Amino acid sequence: MKGMIVTLSIAAALALTSCMNNNPVHQEKKALDSQARQEKRMVSEAICDRSPDFQQVEIVGNAVVYTHIFDGIIDVKTYTYYGDQCVEAERVYAFPDQMSALRHYRRAIEHAQLYDDIQLVRNEVRYNLKEAQHELETKGLTKEQLKTKFEDQLKAARADFEKGKKDCKDCKPNN
């Protein structure tokens with residue numbers, strides 16, 4: 001009789017454990033916990049590495065396109081040229097979620113004196129820089145000169161990043 005009770009108790013415990021592991025809510029919680037641990041590790045590494053993420057400048061047709069990806073946000077600035085003069089500058093931010101996009105949209109509206117045609121579409125915020133604003137960045141510069149200006153800024157930022165990595169006392173050395 002005791003053996004049968006012990007066997008039934010073990011069987012019930014195994015069944016309960018099996019139900020817990022097959023429970024979609026339990027599996028989702030485990031996945032979220034795993035994702036949170038992974039994100040925490042990535043953030044810690046990025047802080048230690050002072051990660052510059054991704055930045056690129058290229059000439060595409062009659063435009064200079066500056067792309068910067070950071071913290072899951074994609075920032076694309078497009079400077080459109082007619083001949084050797086910049087005639088328009090558009091900026092598009094793509095956010096990982098719509099709430100972040102909405103917050104940025106509200107900030108853009110608050111600074112409307114700098115932007116024209118501010119739009120929010122799903123998780124994207126798009127606007128044009130006013131003429132006076134984009135002239136500050138591009139006045140007198142051809143497409144090639146603007147690209148070179150941005151590339152020089154990127155080189156300086158990368159050099160500063162590398163210097164910061166060397167000076168970081170709290171970070172472990174990369175082997």
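1. Start with Asp 75. In this predicted model, Asp 75 is buried, because its relative accessible area is 3% and the cut-off for buried is under 20%. Asp 75 belongs to strand E3, which covers residues 73-82.

2. What does the side chain of Asp 75 make a polar contact with? The partner is the side chain of Arg 91, at 2.7 Å. Check this pair when viewing strand E3, where Asp 75 is found.

3. Now the surroundings of Asp 75. Leaving aside residues up to four places away in sequence, Asp 75 touches Tyr 66, Thr 67, His 68 and Phe 70, and also Arg 91, Val 92 and Tyr 93.

4. Next, backbone angles. Most residues other than glycine have a negative phi. Asp 117 is not a glycine, yet its phi is positive, about 50°. Asp 117 lies in strand E5, residues 115-121. Asp 117 is partly exposed, because its relative accessible area is 49% and exposed requires over 50%.

5. Arg 122 also deserves a look. Its phi is positive too, at about 55°, and Arg 122 is not a glycine either. Where is Arg 122 placed? Arg 122 sits in the loop between E5 and strand E6, the latter spanning 124-129. With a relative accessible area of 66%, Arg 122 is exposed, because the cut-off is over 50%.

6. To recap: Asp 75 is buried, Asp 117 is partly exposed, and Arg 122 is exposed. Positive phi values belong to Asp 117 and Arg 122.

Notes
Residues numbered from 1 in each chain as written. Predicted model: local features only at pLDDT ≥ 70, side-chain atom pairs only at ≥ 80, totals over all residues. Heavy atoms only, no water. Helix = DSSP H or I, 4+ residues; strand = E, 2+ residues; numbered from the N terminus. Buried < 20%, exposed > 50% of the residue type's maximum accessible area, 1.4 Å probe, protein only. Polar contact = N/O pair within 3.5 Å; in protein donor to acceptor, adjacent residues only side chain to side chain. Contact = heavy atoms within 4.5 Å.
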